[in-house]
Amino acid sequence: MEYLVSTGIGALTASGVYLLLRRQMFPVIIGLALLSYAVNVFIFSMGRLAINQAPIFEKGVSAYADPLPQALVLTAIVISFGMTALIVVLALRSFLETGSDAVEEAVQDPQATIKDDKESVVR
Amino acid sequence: MNASWIIAPILLPAVAAPLLILLRLKDHAVRRGVSVAASVALLAIAAGLYGLASDGQPRAYLLGAWEAPFGIVLVLDRLSATMVLLTAILALLVNVYACAGWDRRGKHFHSLFQFQLMGINGAFLTGDVFNLFVFFEVMLIASYGLMLHGGGARRITAGFQYVAINLLGSVLFLIAVSLMYNVTGTLNMADLAVRAPLTSEGNVALLKVSALLLFLVFAIKAALAPMHWWLPTAYSAASAPAAALFAIMTKVGAYCIIRVYSLIFGADAGPVTHLAAPWIMPAAIATLVLGAIGALASRSLAGLIVFAVLWSMGTLLAALAGFDQAGLSAALYYAIHSTFAAAALFLIADLILERRGGVGALVTAPPMAQAVLMGAVFFAAAVSMSGMPPLSGFIGKLLVLDATRGAALGAWVWTAVLATSLAIIIAFARAGSLLFWKAETVAADARPAVVTSLPALACVLALVTMTGLLSVFAGPVTRHMDAAAAQALDRDAYVRAVLGRSPTQIAER
């Protein structure tokens with residue numbers, strides 16, 4: 001089981017890193033999502049892999065599954081889920097505003113900023 | 001004020017931020033009132049906590065009264081109290097500045113601002129590594145919103161990069177923290193400090209990997225080369241008040257380096273003693289050089305300032321690389337100085353940009369309104385940032401140089417700091433003469449008209465005055481920083497405050 005889980009984490013991480021290094025936004029987002037899956041499984045396995053053990057305190061039971069990594073992974077899932085949603089919206093907005101989904105900056109025009117600022121004042 | 005007030009700097013913005021969302025969007029005056037009132041209250045609480053911490057006794061607040069290490073603890077000592085107070089002062093000034101108009105250029109500026117304060121204060125106060133991750137995320141989520149405040153294509157593209165690099169940082173953080181849990185079985189910092197030296201031989205390598213991964217995360221936050229490249233793009237694209245508040249975010253990274261690598265992997269850590277220290281010094285020197293080159297090469301005012309901020313992080317990190325009392329004390333003094341100087345510069349750049357009709361590039365433009373006042377304030381802030389007497393940058397740099405005199409790469413640090421200071425001075429002098437002296441001659445009616453908001457101007461003046469005060473009261477301030485540094489290096493007192501027993505007592509059991 002250790003072999004299965006660790007190769008799974010390794011494959012996810014490797015694909016995540018590869019995609020993260022792409023120039024388009026969409027592969028980068030998928031890469032980040034894959035990395036966060038890899039991390040979730042990784043945290044989970046850090047509580048030692050165990051099968052058929054009591055999750056909470058029970059009289060007469062001496063072997064437990066570690067509950068803390070499960071709590072940690074829950075927090076991590078919530079945060080990475082929210083962040084992925086945010087970065088998807090951001091990529092979409094960026095595509096709509098610039099017409100390209102390249103990660104790098106398209107134009108270095110300091111004047112553009114202030115013009116946009118003036119237009120976006122909430123009336 | 002007792003120890004239960006420790007949670008107040010987190011609770012107050014956490015209540016204020018949702019309240020600000022509930023208020024109607026049109027009620028600008030009410031929203032501004034609530035936001036500024038929350039910032040004033042935060043300053044009062046932070047000052048009270050600083051007073052509480054000045055007796056030299058670290059204090060722990062047990063969340064839900066769960067005993068450490070089972071529950072999450074918040075810890076107040078001189079170091080965290082100083083950082084919270086610094087945040088509160090900066091936040092109030094930036095908040096008032098934003099009320100002059102920036103807060104209306106997008107929705108929910110004030111709520112995001114308060115959420116960001118919650119995250120920053122939480123990161124400074126927490127005594128639990130996983131809780132530190134959570135507060136990092138709170139801080140970052142709010143900063144994504146603030147970074148994009150005002151909109152525009154450039155901000156969104158820069159924002160995407162900023163979010164992506166920080167998500168990668170979060171991933172690394174989680175890997176490091178879970179590895180640390182795997183090896184030591186705890187996430188409480190005090191408990192980690194007790195258990196890290198007791199790590200069995202087979203696990204030392206794993207613990208080292210986790211500690212260095214964690215260092216990588218903090219280095220990204222602190223913009224330490226080669227993890228610095230996100231900072232210039234992000235900060236120069238952010239709106240002025242957001243960038244000014246972000247001046248404290250790089251210090252969160254520096255604070256975490258001080259906290260984790262002096263408490264858990266510090267002098268008493270046995271097989272994992274001073275893990276990060278050998279990496280910091282060369283990286284700090286590289287940061288200094290890159291910051292100076294960037295400042296010399298930048299063709300816009302915002303670019304110059306962000307690279308000067310990067311350069312100042314290099315100075316700060318060079319000081320703390322030794323993890324001795326003099327170095328930490330110098331780093332803390334420099335952190336306070338560079339926060340105020342950077343925030344002042346970001347806000348002045350905004351005022352100048354407004355008066356130049358939005359020309360951010362360093363090219364000649366029609367003379368600006370209030371050129372003398374702007375020039376004087378810019379000059380003072382530039383003097384402070386580049387470390388010339390009489391403002392605080394000079395004293396900060398002296399302290400840093402003095403602290404690194406006996407360090408391993410001492411000669412290199414001295415050379416790098418002094419040479420790059422000259423480059424920064426040249427960059428600022430060139431920018432200043434271009435902005436204020438080489439104005440185009442145009443008809444008087446063609447000049448961009450400017451309505452100055454007095455509170456905004458007062459905030460900028462206050463920030464510059466803070467660096468002046470820091471210089472005038474350098475004696476008392478350095479004594480306080482010395483005490484904070486000594487306390488930060490005292491592992492046993494911290495562990496006793498959190499766990500109730502000294503590390504040797506725990507180890508004997």
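Phe323(B) counts as buried, at 5% relative accessibility; buried means under 20% relative accessible area, exposed over 50% and partly exposed in between, using a 1.4 Å probe and protein chains only. Phe323(B) also has a positive phi of about 50°, although it is not a glycine. This is a predicted model, where local features need pLDDT of at least 70 and side-chain atom pairs count only at pLDDT 80 or more, while totals for chains, interfaces and linings use all residues. Residues are numbered from 1 along each chain as its sequence is written, chains are lettered from A and ligands numbered from 1 in the order in which they are written, and side-chain values use heavy atoms, with hydrogens and water left out.

- Phe323(B) sits in the loop between helix 13 (301-320) and helix 14 (325-355) of chain B; helices (H or I, at least four residues) and strands (E, at least two) are DSSP runs, numbered from the N terminus.
- Over in chain A, Asn52(A) has a positive phi of about 55° and is not a glycine either.
- You'll find Asn52(A) in the loop between helix 2 and helix 3 of chain A, and it is exposed, with a relative accessible area of 78%.
- Ala68(B) and Pro69(B) are joined by a cis peptide bond, with omega about 5°, and Pro69(B) lies in the loop between strand 1 (59-62) and strand 2 (73-76) of chain B.
- Another cis bond runs from Pro389(B) to Pro390(B), with omega near 10°; Pro390(B) belongs to the loop between helix 15 (371-386) and helix 16 (392-403) of chain B.

**Chain A at a glance**

- Chain A has 4 helices and 0 strands, so its elements simply read α-α-α-α from the N terminus on.
- Of the 123 residues in chain A, 33% are buried.
- Take the contacts in chain A (heavy atoms within 4.5 Å) with a separation of 6 or more: 57% of them come from residues 24 or more positions apart.

**Where the chains meet**

- Chain A puts 43 residues into the contact and chain B puts in 41 residues.
- Together the two chains bury about 3900 Å², 73% of it on carbon and sulfur atoms; buried area is the accessible area (1.4 Å probe) that two parts lose on being put together, summed over both.
- On the chain A side, helix 2 (25-45), helix 3 (67-98) and helix 4 (110-119) each supply at least two residues that touch chain B.
- Helix 3 of chain A gives the most to that side, with 15 residues.

**Aromatic pairs**

- A search of the whole structure turns up 18 aromatic pairs over all chains; rings of Phe, Tyr and Trp (its six-membered ring) pair if their centres lie within 6.5 Å, and planes under 30 degrees apart count as stacked, over 60 as edge-to-face and the rest as tilted.
- Phe133(B) and Phe173(B) form an edge-to-face pair, 5.5 Å centre to centre with 70° between the planes.
- That pair links helix 5 (residues 129-148) and helix 6 (residues 153-184) of chain B, with its two residues 40 residues apart.
- Phe133(B) is buried at 1% relative accessibility, and Phe173(B) is buried at 1% too.
- Phe215(B) and Tyr261(B) are also edge-to-face, at 5.8 Å centre to centre and 90° between the planes, and both are buried.
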